[in-house]
Amino acid sequence: MNALARGLDVLTLLQSSGQMTLGDLHRRTGIPKASLLRILKTLRARGMVWQRMADGAYVASYSLAELAGHMDREQALAEVASPILERLSDRIKWPSVLAVPRLTHMEVIETNAPRAYI
């Protein structure tokens, strides 16, 4: 059950840190990147984590945060919008952003710019 333990370690780390890239996860866990990719693919398929398009960081799913009582509405919005932005970039090849208002500015919380051709 070593594989299960490693998967749970990755999920716990993502929940506690908020977000991490593949490199960050590798440095923190010492798990080889190929193994991490398999773990993350499994966690994504189960809806437990998702990957931001803006920077490629992995984030624990809002449904897990909601169950744990740590719901972040902006993270939930970005997670829901991410596949829509992905389909949009596949269709029109133009960058789009999802931004939320702050007092004096708008803050981008997700973007498909890395996938756009322009």
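In which hand, right-handed or left-handed, does α2 pass α3? The tour below leads to that crossing, beginning with the whole chain.

**Whole protein.** This is a predicted model, in which local features need pLDDT of at least 70 and side-chain atom pairs count only at pLDDT 80 or more, while totals for chains, interfaces and linings use all residues. Residues are numbered from 1 along each chain as its sequence is written, and side-chain values use heavy atoms, with hydrogens and water left out. Display the C-alpha atoms: they fill a box of roughly 45 × 35 × 25 Å along the principal axes. Of the 118 residues, 36% are buried (under 20% relative accessible area, 1.4 Å probe, protein chains only).

**Secondary structure.** Switch to a cartoon view to find five helices and four strands (DSSP runs of H or I with at least four residues, and of E with at least two, numbered from the N terminus). Along the sequence they follow the pattern α-α-α-β-β-α-α-β-β.

**Helices α2 and α3.** Select residues 22–29 for α2 and residues 33–45 for α3; their axes come within 10 Å and cross at roughly 115 degrees (lines fitted to C-alpha atoms over the stretch in contact, with angles from 0 to 180 degrees between N-to-C directions). α2 is therefore roughly perpendicular to α3 (65 to 115 degrees). The crossing is right-handed (the near helix is turned clockwise from the far one by less than a right angle).

**The contact.** Next, show Leu22, Gly23, Leu25, His26 and Thr29 of α2 together with Lys33, Leu36, Leu37 and Leu40 of α3, which make the contact (heavy atoms within 4.5 Å). These residues divide into five nonpolar, three polar and one charged.

Methods
Angles under 35 degrees count as roughly parallel, over 145 as roughly antiparallel, 65 to 115 as roughly perpendicular and the rest as oblique. Ala, Val, Leu, Ile, Met, Phe, Trp, Tyr, Cys and Pro count as nonpolar, Asp, Glu, Lys and Arg as charged, and the others, Gly among them, as polar. Buried means under 20% relative accessible area, exposed over 50%, partly exposed in between (1.4 Å probe, protein chains only).
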